[in-house]
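Have a look at the picture below, and then we'll go through it piece by piece.

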Amino acid sequence: MTASAPLLIPALSLLCACAAMDVSLWLWIPCFCLASLPCFLRAPSMGVLAVALAMWAAVYLFAYEREYAGVPVEAGRVMVMEGSVEAVSGKSVLFRPDGSRWLYAVSSRDGACPLEAGERYRIRGEAYPLQAPCGPGIFDRERWGYLHGIIAGIRLDEYCRNGPGDWRSRFRAFSLRLRERAASLLREGAPPDDEARQVMVSAVLGDKTDARLETMAKFLESGCMHVFAVSGMHVGVAAMLVLGMLRLLHVHPRAARLACILLLAAYVFVTGMSASALRAFIMATVWLLAFVLRRKGHPANILALAFILLCLMNPLQVFQPGFQLSFCVFAVIVCLAEWLSREKPLWSPDPFIPPRIYHARERFLVRLEKACRGALIVSVGAWLASIPLTAWHFGTWNLYAPLTNLCLSVLVFPLMGISLSGLMFAWCPWMLHVCNTAASWLASAMLSVAGGVASLPYSYLSSAPPSGENEAVIVPLQKDAWATVISNPALVVGSGTEDAVRYTLLPVLKARSVRPCGMLSWGNGKAERAGEKELEKEYPGIRNWGAEPGECPVRQWRLRPGNALVLEDFPVPLRTGIRQDRSRVLSWECRGRRFLMIGNTGFSSLARAEKTPRADVLLIGHHPRDPVDSAAWIRATGARAVIFTTEHECPVPEGTAVYRLRETGSLYLRMEEKSVQIIPWRGMERRTE
């Protein structure tokens with residue numbers, strides 16, 4: 001392997017060096033072991049290259065981290081800067097100030113950001129740090145910013161256009177305009193809400209601007225979300241189409257490879273030059289140039305060369321999930337393809353007849369058997385290779401991904417071929433219409449496959465064990481708001497706003513494999529009702545006991561024997577001039593333990609109760625200054641732990657364990673016969689006896 005793939009050891013040394021700088025310094029040991037290995041194999045030049053690459057990566061990452069951490073970010077600070085818009089990312093844009101290597105994510109306070117890519121602006125807005133996730137399954141904006149050189153976010157207040165931006169932003173903007181033009185051609189003749197055309201545009205160009213969230217959820221839950229991002233599959237299919245077309249035109253193989261590189265570069269440019277597309281293009285270019293230069297190298301050597309080139313461009317790519325998935329899956333596919341090329345077909349007309357004298361029918365059957373077997377083995381192998389990475393980065397894995405990818409691979413090839421043919425013949429309206437119609441049928445078939453697989457049981461599984469019936473999850477939402485998920489099947493107490501449900505609560509529920517069967521709302525405002533509708537849309541049939549204003553008709557919810565949620569009866573708050581929130585007081589009793597959620601109820605009303613309730617853990621919300629001694633009341637409940645859900649706190653008895661939800665992130669509670677186990681998502685585990 002070392003003789004046929006000499007660059008493999010330097011590439012692995014570079015990988016270990018990058019991991020040592022980010023994960024653990026102990027990884028320097030395998031790094032230097034790999035770097036010294038070529039000396040024993042009589043290839044000292046590869047050892048020198050391995051050491052040089054490892055040292056360069058270490059110096060680059062060390063300097064990058066120091067410089068990134070040295071940029072001050074003060075929440076709420078008003079910033080005025082002038083620069084260019086590099087790219088559009090969802091509802092925000094990436095803004096680069098003049099003379100800076102760092103980016104800022106600029107968003108509007110209401111709706112999409114009005115700034116356009118490729119233009120120069122003077123902006124004024126309020127800065128805020130990129131937040132780390134507060135629970136499992138939630139997008140890590142802090143890590144995303146670090147890997148892409150984004151310092152902070154800015155909420156835009158004022159802006160003024162000052163002409164065109166720098167050459168990089170104009171070049172990127174021109175690429176995005178070409179993609180928008182190509183997308184409009186593919187959507188031509190169809191209504192704006194045509195779901196099949198949206199899938200077609202997303203699959204061919206990677207443009208998810210108009211794709212519905214429901215459509216993306218189907219592909220996500222069926223394990224084929226990679227169809228929506230221009231990556232190795234798209235570039236590979238485009239290369240096969242181009243090479244096949246040039247072969248039909250009897251173009252010389254070397255000239256065909258060079259032409260393929262140029263056409264792939266044009267395709268990547270038209271699709272917006274995303275990071276995954278550029279990565280796949282570089283890998284394909286290295287592969288094609290090896291044939292052009294008549295260097296029949298080992299696939300592992302070509303893969304290692306592509307890895308080294310991409311790391312030289314930006315070593316931080318090593319930590320991105322897409323980069324890791326691309327190389328791991330591609331390495332497995334290359335190994336399996338090489339093994340399959342040496343394997344004899346399982347079916348042959350006669351083992352004593354040489355293949356060169358097979359007639360047409362026999363050759364077709366042999367090739368069909370080999371193609372089906374290869375597709376199945378490659379699909380399953382790529383799926384098995386991706387499971388550890390998807391489980392680590394996203395906390396999920398899909399049971400039916402090989403089946404889905406097999407079906408979609410049959411559809412993606414003709415879909416891209418027909419769509420790209422339509423774009424090439426866009427000057428002929430009837431040809432464009434025919435191609436778009438045919439591609440739309442294929443996109444509808446893809447949508448049906450993804451929807452059918454997503455509807456199967458156990459299609460979208462969490463890598464973590466599911467929550468038990470004796471467990472609860474407390475999730476921080478927007479400012480001074482939280483949700484409590486009791487048991488499993490669960491009762492959700494307080495869902496929050498629509499965005500809080502979509503981007504915070506739902507990811508936590510799916511990561512913990514929690515299935516809500518009902519919800520109880522804290523309030524009945526417009527924002528809360530929108531959040532309840534979002535939860536009902538995700539879980540059809542869920543019952544809402546807090547939908548109507550006034551008293552809740554149910555006082556007790558028996559989840560299982562010995563597992564019940566009770567709505568406590570406390571006196572009406574006194575009219576003392578102090579604002580009291582008439583929050584519901586709930587208690588969850590399970591396995592002889594009690595979790596009391598007093599929420600925003602004031603201690604003035606709690607102290608007027610005839611009997612102080614017993615509790616092992618208290619959940620306390622927003623409390624104003626109260627004349628009642630909170631520490632004495634908490635001591636009377638016997639609580640050993642208190643959870644503060646907001647930044648407002650009150651005195652607690654000495655020796656009581658205190659958890660602040662804004663610091664710990666989501667909290668897991670596990671009721672046991674002898675104790676209540678509290679597990680912060682960030683931090684250490686404590687136990688209340």
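Predicted model: local features only at pLDDT ≥ 70, side-chain atom pairs only at ≥ 80, totals over all residues.

## Salt bridges

Here is one term to start with: a salt bridge is a side-chain nitrogen of Lys or Arg within 4 Å of a carboxyl oxygen of Asp or Glu.

How many salt bridges turn up in the whole structure? A search finds 21. One of them joins the side chains of Arg670 and Glu471, at 3.0 Å from N to O. Arg670 is in strand S20 (residues 667-671) and Glu471 is in strand S8 (residues 471-476), so here the parts tied together are 199 residues apart in sequence. Arg670 is partly exposed, with 24% relative accessible area, whereas Glu471 is buried, with 11%. Another salt bridge pairs Arg660 with Glu649, and their closest N and O atoms are 2.6 Å apart. Arg660 belongs to strand S19 (residues 657-660), while Glu649 is in the loop between strand S18 (641-644) and S19, so this pair ties together parts 11 residues apart in sequence.

## The nonpolar cores

Now for the inside. The largest nonpolar core has 50 residues, and those with the most contacts inside it are Val106, Leu115, Ile123 and Phe307. Helix H11 (residues 299-313) gives the largest share of this core, eight residues. Apart from it lies another core of 46 residues, including Leu186, Met200, Ala239 and Met446.

Which residues does Leu115 touch, leaving out those up to four places away in sequence? They are Val85, Val93, Val106, Tyr121, Ile123, Leu156 and Tyr159.

## A buried serine

Ser169 is part of helix H5 (residues 167-186). Is Ser169 buried or exposed? Ser169 is buried, because its relative accessible area is 0% and the cut-off for buried is under 20%. Its side chain makes a polar contact with the side chain of Asp166, at 2.7 Å. Not counting residues up to four places away in sequence, Ser169 touches Ser84, Val85, Glu86 and Gly118.

Val251 is in the loop between helix H8 (232-248) and helix H9 (253-270), and it is partly exposed at 33% relative accessibility. His250 lies in the loop between H8 and H9 as well, but His250 is exposed, with a relative accessible area of 74%.

Most residues other than glycine have a negative phi, and most peptide bonds are trans. His250 has a positive phi, near 60 degrees. Ser487 has a positive phi as well, near 65 degrees. Ser487 is in the loop between S9 and S10 and counts as buried, at 3% relative accessibility.

Where is the cis peptide bond that has an omega of about 0 degrees? That bond joins Asn488 and Pro489. Pro489 is in the loop between strand S9 (482-486) and strand S10 (490-493).

Definitions and conventions:
Residues numbered from 1 in each chain as written. Heavy atoms only, no water. Core = buried A, V, L, I, M, F, W, Y, C linked by side-chain atoms within 4.5 Å. Buried < 20%, exposed > 50% of the residue type's maximum accessible area, 1.4 Å probe, protein only. Helix = DSSP H or I, 4+ residues; strand = E, 2+ residues; numbered from the N terminus. Contact = heavy atoms within 4.5 Å. Polar contact = N/O pair within 3.5 Å; in protein donor to acceptor, adjacent residues only side chain to side chain.
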